[in-house]
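Work through the exercises below with the sequence and the model at hand. Each task is followed by a solution in steps.

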Amino acid sequence: MQPSSERIGIVAANQASYVEAIFACLNTGQVVVPLRNQDDRDRIQAAQLNQILTPPLGGTWVTTPFSPAQHDAIALISFTSGTEGTPKGVMLTHKNLANVVTRLNTVMKMDDSIREYVGVPVYHSFGFGRCQAVATAGGQSFIPSNGFNPAEIGDLLRKGEINAISAVPSLWRIVLDNQDLIGQAGNRVQWIEIGSQSMSRAEKEAINALFPNAKIVQHYGLTEASRTTFLEIHQTEGQALDSVGQAISDVEVTITPEGQIAIRGDHVAQSYLIEGQVVPLQDEHGWFVTKDLGNLEAGYLYYNGRADDVINCGGIKVSPEALETQIYQAIGQRSGLAVCRKPDPLRGEGFLVAVTPEMAVDRQQLHQAVLQSTQAFGVNAPSAIAIVEVDSLPKTTTGKIQRQQLADWYQSQPLEPGSHNPTPSHLTPIQAAFCQALNLRHVEPDDTFVTLGGDSLSYVQFSMALERALGYLPPNWEQLSLSDLEQLTPRRSRFSAIESTILFRALAIGGVVISHTPLLPPDTVGGGATLLLMIAGLNFARFQGEALLRGQVIAPLLSLFRNLLIPYFVLSILYQLHRREFNAPVLLLVSNFIDPHITSIFPVWFIEVLAQCIILFTLPFTLRSLRTFARAQPWVFGCLCLSVWVGVALIAPYFWNTDHLYNRMPYLSMWLIALGWILHFSHSKTQKIRSTLLFVVVAFIVIPSDRFSENIWMLGTLVILWFPDLPVPHLLKQPIQILSAAAYYIYLTHMIFIHIVAKALGIRSPLLMIAIPLLGGALVWMTLQTIQQWISDRRFAE
């Protein structure tokens, strides 16, 4: 067979005559161009066709043998748009096609007895590739005239007419949902190939069980590089089943620094045909860089979705395919929904979940499943989730979700009456408290403060609003659902209970401000920052502990960055611009290791040490064994952490004396974070007694006796442990709550206000130098809250 420059357009049809027409052209050296119809002007003009062929109708069996050529002449120009984008022609050589067939038949060990049900259209790369491989082995392919049908497959198996099946994962899910149509006939299947789409380990195991005697192979590939990797499901188990297999023979796979899959080998096409122009698709080293994301582990390739489909929610990137798999597992179904990105003014992008009528799941249950699934990827953002109902999902002919088309449809939809989430005027006081504190527009009955992503900064704000609604704070209210809170009976009194953590945080920030004024000697009131670090550890355990125990280390760090570090960076940068000096250690959060006198209007060391401690405390949760232990025994885990860090605090000074840095080192403060963790998980009376003894011993060992005021402040630890709530006059409660909620902003701004009072205004009154920073910091916090709420209201009003 001599290569020819003649290009033949063949009108695509899912029938045997179409496949045999391509075989005939390839055997004579003609270049084949599949057409959508006889008037496919775009492809006809782009490929500059010499002739158009319409195969005769009919024919379900491909019986013609085929032997692929091995030269570099163009054999096939396959136009494809994938799931998105402008159609382009992939220029495949005879050598490309032959390489795929050789590797595939080597893996599957097919022989001339194969009779295959080709469940995908043969005018696509996967379907035609199956026919080519089967014909090369000397077998025959059955093309269903009415499309993929599990009942037809079962009938043909029982008649002994087929012994092999090929289909994409979306079609295999239909089989798994209708296993009774296959039954014992599944034992007759000898070969199965699964196409290149996301498929869970459980689904692969289910197919293996339904077809126990089959060689089952899943591949990963694209039209440009068909069947790059192979996963032999029938002889694979464990984690490797989550992969799409390994490359064999001369095929190479690597991952780019951007996380994209790159492929090299004789099966990779060299060029595209785009608008009549030949465009190289390989780089100078022969690599084809795909738009697919993945990672390699022990030689196995793990597919993580399309790069252009990935949802970037608040800096965390989530593959919609992986999220769909997680949701399906949570609700026990295999089809009926699709995930794509949607705009989210607060986080950049959110999650659009489109469901069809076949999704027979309660909306509340589905919302909870989606929320839990996003949390598994480190995203705790209920307000970023939108669930919509659609008649059907946009798909390609091979069953791939067209996510961009779905996203475009969603954005084009006009808002209908009642489609808005309720406005604050329609909410109950408790619903309004949730929405205002967490920037939400809607709360489900089963939502709790913790599941909605509440943290230590929104905690006080919400508790204030909740108490205004109820007149008191119920125990463990952050774990109670909206419906539980709504059922509580309000009550009023002259005294109100306030959480001891809130009270002591307000007292501690007051102590910090006083220590920076001439009212009292610093040694008299110093130590408030020490108590604040312990309370920070307690709140970290309270609001981020569940995420850490599930292995979600990114979400707590993002909360740290969003709530603590962004204001820190903003003030630091403004101060450095004002001073016209650049101080990198401050911006890198390491100045506490260099110079104890560095400030950025505020004393930066405390925030640096807090950030360093939180990062250090988070690291052990990246190890599965430690995480499993911590989940089983969180209090004991905290005790072990406390022991380790107390030991470090005692031993480290012998190797590195940091007295000149005022000992403001994270490893000398980590025991406070661990102590806060212990306090949070001290549930039983026995644990509280042991925690008390631990605290007394540790405080005696770690805190020098000459730092008397620090020891006094740390007694607050015991009060918090044994008296989680304390009575205060009702009139004082709200001011205390405001100071506690604004504590961080008071810390950031108190030196500014002290400077204004003492230097700019020349006021020397110690009381005013205390009151104005406290009130000023609280005002800054309230102003920011108001602005944030205004932005949120404007966003949802548009």
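A salt bridge is a side-chain nitrogen of Lys or Arg within 4 Å of a carboxyl oxygen of Asp or Glu. By that criterion the structure holds 14 salt bridges. The model is predicted, so local features need pLDDT of at least 70 and side-chain atom pairs count only at pLDDT 80 or more, while totals for chains, interfaces and linings use all residues. Residues are numbered from 1 along each chain as its sequence is written, and side-chain values use heavy atoms, with hydrogens and water left out.

**Exercise 1.** Find the salt-bridge partners of Glu193 and state whether Glu193 is buried or exposed.

Step 1. Arg130 forms a salt bridge with Glu193, with the closest N and O atoms 2.7 Å apart. Glu193 belongs to strand E10 (residues 191-194) and Arg130 to helix H4 (residues 125-137), 63 residues apart. Helices (H or I, at least four residues) and strands (E, at least two) are DSSP runs, numbered from the N terminus.

Step 2. Arg227 also forms a salt bridge with Glu193, at 2.9 Å between the closest N and O atoms. Arg227 is in strand E12 (residues 225-232), 34 residues from Glu193. Through shared partners, salt bridges join Glu116, Arg130, Glu193 and Arg227 into one network.

Step 3. Buried means under 20% relative accessible area, exposed over 50%, and partly exposed in between (1.4 Å probe, protein chains only). Glu193 counts as buried because its relative accessibility is 0%. Arg130 is buried, with a relative accessible area of 0%, and Arg227 counts as buried at 0%.

**Exercise 2.** Describe the salt bridge of Lys159 and Asp155, and classify the exposure of each residue.

Step 1. The N to O distance between the two side chains is 3.1 Å. Both residues lie in helix H5 (residues 150-159), four residues apart, about one turn of the helix.

Step 2. Lys159 counts as exposed because its relative accessibility is 54%. Asp155, at 34%, is partly exposed.

**Exercise 3.** Trace the pairing of strand E15 (residues 271-274).

Step 1. Two strands pair if DSSP finds at least two bridges between them. Strand E6 (residues 88-93) runs antiparallel to E15, and three bridges join them. Gly89 has Leu273 in E15 as its bridge partner.

Step 2. E15 pairs with strand E16 (residues 277-280) over four bridges, again in the antiparallel sense. Tyr272 is opposite Val279 in E16. The hairpin of E15 and E16 has two residues between the strands, and Glu275 takes a positive phi near 50° there.

**Exercise 4.** How is strand E2 (residues 31-35) paired and covered?

Step 1. Strand E1 (residues 7-11) runs parallel to E2, joined by five bridges. Val11 has Leu35 as its bridge partner in E2.

Step 2. Five of the five residues of E2 are buried. Val31, Val33 and Leu35 lie on one side, and Val32 and Pro34 on the other.

**Exercise 5.** Give the strand order of the open sheet that contains E13, and name its edges.

Step 1. Four strands form the sheet in the order E13-E14-E17-E18, with antiparallel pairing. The edge strands, E13 (252-255) and E18 (300-306), each pair on one side only.

Step 2. Within the sheet, strand E14 (residues 260-264) and strand E17 (residues 288-297) pair over three bridges. Gln260 is opposite Leu293 in E17.
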